[in-house]
Amino acid sequence: MEGYEQFNGGWSKKILVGDLAVPFREIPLTNGEKQIVYDTSGPQGFHAAQGLPKVRAPWIAAREARGDTNFSQLHYARKGEITEEMRFVAIREGVEPSFVRDEIAAGRAIIPANKRPLELEPMIIGRNFLCKVNANIGNSRVRASIEDEVEKLSWSTRWGADTVMDLSTGPDIPQTRAAILRNSPVPIGTVPIYECLERVKGKVEDLNIDLFLQVLEEQAEQGVDYFTIHAGVLLRFVPLTAKRLTGIVSRGGSIMAKWCLHHHRESFLYEHFDEICDICRKYDVSFSLGDGLRPGSIA
C-alpha cells in the first residue's frame, strides 16, 4: 500500500486536483480498481491555536482590490461571473463551472461562503448536486470546552460532514465559535436566537430585534456561513400547536412562539426580515427558515 495511509479504518490517500488544489481521497479497492471521493477533512497537522491555512485569501483580496461591495455568490452568478468558489465546487461535483453559476443564478443552489472565513473549502447545496451531510456540535451549561468543540469539528469533517452547525448554549459562545471557524474547512452555521437568549439570561420575554440584529452582525463579522432563522413561526400559527402530540419540537421555534404569546405581538424576525436580509447580503451569509412546526409532531 505504498503512498497510502490508514484513514477512518481503511487505506486511502489524499490527492489535490487542479490549480485550486481541490481535495479528494483515493481509495484502493480489493479488485484492483480505485474509488475517488471528495474529501472534507481539511488540511492536517495544524494546531488548533494556529488555525487552518487561509486558502481563500487571494480570492477575497482580489475582489476587495477592485472595489466590490456585494460579495454574494448570487450577485456574481447573476452578473455572469464564475468565481473561484464556483470553480472549486465544479471540480468537486464533476460538472462545468458554468453549470454551477447558472444553478446559483436560478436560485436552485447555494454556496454557503461568508467572505470572512478564508480557511473555507467551498461546497454547494442544490437539487442538481450531490447529497450533503450536516453535523451538529456545541457546548452546554453542563459541559463547555473550546478544545472539545474543536475536536468534535475535526471528527465531523474527518468522517465526511459537508457542513457543521455550532449550536452552543453554554458559556463563552463567541470564543468557542471563533475557534471553530478558524479550524473549519467546511461551512459553519448557527442559530443566532440561541446566543440572544443567553445574553438575556434565558428570559425569552426580554428578546428584541435590536439585540438579534446585533448578534447577527457580530456572528456574520466573525465568519458564520449560514444561519437558521425561525421567521416563519407567526403569532397566528401558535394556537395550531396546542393539540399536537409534541407541540413545537424546534427550540428556536418554541422560543419565538413563547415571545409572541407573552407580548401578543407578531414575531420580530418576521416584521424585520428585510433588515436581516441586509446583513446577510453584506457578508454573503446563507440562511434557512427554521422549521418550527415540523409535520412529524402531528402524529
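Which element gives the most to the lining of the largest pocket? Start there: α2 does, with 4 residues. Keep in mind that this is a predicted model, where local features need pLDDT of at least 70, side-chain atom pairs count only at pLDDT 80 or more, and totals for chains, interfaces and linings use all residues. Residues are numbered from 1 along each chain as its sequence is written, and side-chain values use heavy atoms, with hydrogens and water left out.

**Stop 1: the largest pocket**

Select S72, L74, D284, V285 and S286. Of the 18 lining residues, these lie nearest the pocket centre. A pocket here is an open set of points on a 1 Å grid over the protein atoms alone, where a 1.4 Å probe fits, with protein on both sides within 12 Å along at least five of seven lines; lining residues have an atom within 4 Å of a point. Now colour α2 (73-78), β5 (109-110), α11 (273-283) and β11 (286-289), the elements that give two or more residues to this lining. Helices (H or I, at least four residues) and strands (E, at least two) are DSSP runs, numbered from the N terminus. The volume is about 440 Å³, taken as the space filled by probe spheres set on the points, which are joined across faces, edges and corners. The lining holds 9 nonpolar, 6 polar and 3 charged residues. Nonpolar covers Ala, Val, Leu, Ile, Met, Phe, Trp, Tyr, Cys and Pro; charged covers Asp, Glu, Lys and Arg; the others, Gly among them, are polar.

**Stop 2: the second largest pocket**

Select I125, T163, Y226, T228 and S288, which lie nearest the centre among 14 lining residues. The volume is about 250 Å³. β8 (163-166), β10 (226-229) and β11 each supply at least two lining residues.

**Stop 3: salt bridges**

The count comes to 27 salt bridges, each a side-chain nitrogen of Lys or Arg within 4 Å of a carboxyl oxygen of Asp or Glu.

Go to E195. Its salt bridge with R177 has the closest N and O atoms 2.9 Å apart. E195 sits in helix α7 (residues 192-199) and R177 in helix α6 (residues 173-182), 18 residues apart. Both are buried (under 20% relative accessible area; exposed is over 50%, partly exposed in between; 1.4 Å probe, protein chains only).

R199 and E195 both lie in α7, 4 residues apart, about one turn of the helix. R199 is partly exposed at 32%, while E195 is buried at 4%.

Next, select D102 and R101, a salt bridge at 3.1 Å, N to O. D102 is partly exposed at 40%; R101 counts as buried at 19%.

Finish with E5, K14, R25 and D39, linked in a network of salt bridges.
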